[in-house]
Amino acid sequence: MMATKISRGGTLLPWDVISEELVAPADGGPCPAAKSPDCGGGPGTAAGLPALSLVDRLAAPTAWMHLALVFAQPLDGDRLRDALAQALTLFPTLACRANQDADGEWQLCQPNAGAMLSLGVSATPLDSLAPPPPLPAATPLMDLGGELFGHLDADQAADALPMLQVALVSLGASSGAAGSGKGGGAGCILGLRVSHLVGDFGTLRAALHFLAAAYSSRAPSSAAPQPAEPLISALAAAAPPADTSSWNYLRQPANFMEQLVALVTAPPQRGLTLHFPPARLAALKAQAMAEGEAAEATDAGGSPDTPGWVSTNDALMAWLWKTRGAVTAFNQGLDMRGRLPLPPGQAAPAASPRWLYGNLATSAFTPDLDVSTMSLGAVARVLRRTVVSDAAKFPVDLAHVAAALAGGARCSQFVILPVLRIVEAAAAGRPAPVMVSQCALDYTADADFAGQLPVAAVPTFGRMVIPIAHSQPAPPAAGGGVLLHLWLPKEQAHELAMAAQTAAAQVAAATKEIASGL
């Protein structure tokens with residue numbers, strides 16, 4: 001644990017790190033030394049190392065899943081430390097570190113090394129991070145970025161980074177209060193960061209769920225989490241069907257890395273946060289359902305046999321695609337928990353599907369379309385059909401990649417379809433597809449810390465150079481609905497902000513008119 005106060009953060013969240021330590025799993029004994037040679041020669045091959053799945057090894061190892069929640073009252077640092085130690089016993093991959101083998105492939109090492117826990121204080125007032133509702137329809141993105149976790153990247157070598165990082169910063173507090181581990185001040189911000197090598201947003205949600213349960217000394221709402229790796233391995237063991245090819249996992253073209261470097265060094269995108277309250281979401285879905293029924297009388301979406309059925313998320317993403325206006329494809333990260341067909345003879349996991357940890361997502365990627373001429377319902381139907389069709393391609397993709405690896409290919413030679421198309425579009429000067437992710441939190445079930453729910457959720461992604469959209473529910477205290485965080489070219493961000501404000505005003509006027517007639 002650190003004994004010297006160090007200043008971190010930036011203009012949005014200047015804070016002092018009061019303590020920083022590795023927290024080992026409660027049943028794993030003391031943390032091994034940070035430079036322990038206890039590293040495996042391959043995924044899960046060394047003694048004590050959990051296995052990475054094929055999907056884990058295909059994920060971007062240097063990308064991170066982020067979540068930051070703001071609470072009106074402080075959380076206890078000592079209690080959080082104990083809860084983290086308990087939660088880590090359920091997620092062995094999150095307690096590891098990672099390095100690269102002789103061929104440059106990423107692998108886990110240092111089992112039970114622990115997660116990094118940073119405790120700190122900030123004079124930042126609570127209301128600057130959690131303004132009272134109603135939230136504006138559109139605001140500039142308040143992305144804490146590297147301010148919460150960026151110092152870890154700068155202070156440690158890449159192969160020394162823990163797979164899970166947790167930060168608790170007391171707001172409006174003195175250094176003495178947080179240094180005792182007892183919180184203090186007016187509220188706090190709790191941040192979680194998971195390496196993409198070991199998980200996706202489904203994994204991040206599961207970690208939060210079991211961390212909150214341990215902090216609250218309550219039993220989790222379901223069985224313990226299970227690794228996705230056995231299920232992925234069983235699917236990948238199948239022979240690739242004849243006359244098929246991999247859809248989402250593609251070999252990198254010869255000039256891919258050169259184009260990627262050019263993209264990474266390009267100016268960042270403009271950040272924007274849109275709030276869609278429940279009434280606005282309901283109106284979007286009703287419009288899409290009505291127009292979908294008119295456009296297509298059959299349901300191909302695996303829904304409750306309702307003609308033209310689309311989900312609320314389909315309607316919201318259709319609005320985003322149409323409003324953006326560019327003639328492009330559209331990509332959604334698709335969580336496969338609950339969608340996967342089980343391999344022959346394999347029983348369903350004992351845990352609820354949402355608590356399968358590891359990477360378990362694929363891409364739902366549409367063709368290039370000029371959606372400006374289509375109704376909202378027609379666009380939503382395209383998205384719904386794409387979700388269904390591309391989810392079905394996931395096991396086939398796994399089988400093809402597994403066969404390629406058996407023939408001598410390496411995971412680092414593959415790239416996912418949306419990243420390839422984004423890099424190609426940027427190199428050619430064309431509008432790039434938006435890459436959409438989602439964190440489907442249930443605040444009551446997943447983020448209840450001893451009876452306290454978060455009052456705000458803030459992004460901590462950092463500098464983005466490709467078009468990104470990330471949606472997650474807005475906390476009930478913030479008015480509910482959905483927060484849509486966007487990173488887009490400046491002109492597109494401005495157009496979306498104007499469209500969101502206009503739509504919000506229309507919904508407010510319609511609501512007022514209905515109320516006046518009662």
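Ala, Val, Leu, Ile, Met, Phe, Trp, Tyr, Cys and Pro count as nonpolar here, Asp, Glu, Lys and Arg as charged, and the others, Gly among them, as polar. With that in hand, the lining of the largest cavity in this predicted model sorts into 10 nonpolar residues, no polar and no charged. Here's a quick look at that cavity, an open pocket and a helix pair.

**Largest cavity**
- The count comes to 2 cavities of 30 Å³ or more, and the largest holds about 60 Å³ of space.
- Lining the largest cavity are L84, A87, L88, F91, L94, L164, V166, L192, A207 and L211.
- At least two lining residues come from each of α2 (77–88), β8 (164–171) and α6 (201–215), with α2 giving the most, at 3 residues.

**Second largest pocket**
- This pocket has about 310 Å³ of space.
- It's lined by 20 residues, and P131, L135, T139, M142 and T273 sit closest to its centre.
- Two or more lining residues come from each of α3 (126–129), β7 (138–140), β12 (270–276), β18 (456–458) and β20 (482–488).
- By class, the pocket lining has 15 nonpolar, 5 polar and no charged residues.

**Helices α8 and α12**
- Helix α8 (residues 256–264) packs against helix α12 (residues 417–428) at about 70°, with the axes 9 Å apart.
- Angles of 65 to 115 degrees count as roughly perpendicular, so that's the label for α8 and α12.
- On the α8 side, F256, Q259, L260 and L263 meet V419, L420, I422, V423, A426 and A427 of α12.
- That contact is made of 9 nonpolar, 1 polar and no charged residues.

Key: Residues numbered from 1 in each chain as written. Predicted model: local features only at pLDDT ≥ 70, side-chain atom pairs only at ≥ 80, totals over all residues. Heavy atoms only, no water. 1 Å grid on protein atoms, 1.4 Å probe; cavity = no way out; pocket = protein on both sides within 12 Å on 5 of 7 lines; lining within 4 Å. Points joined across faces, edges and corners; volume = space filled by probe spheres on them. Helix = DSSP H or I, 4+ residues; strand = E, 2+ residues; numbered from the N terminus. Axes fitted to C-alpha atoms, helices over the stretch in contact; angles between N-to-C directions. Parallel < 35°, antiparallel > 145°, perpendicular 65-115°, else oblique. Contact = heavy atoms within 4.5 Å.
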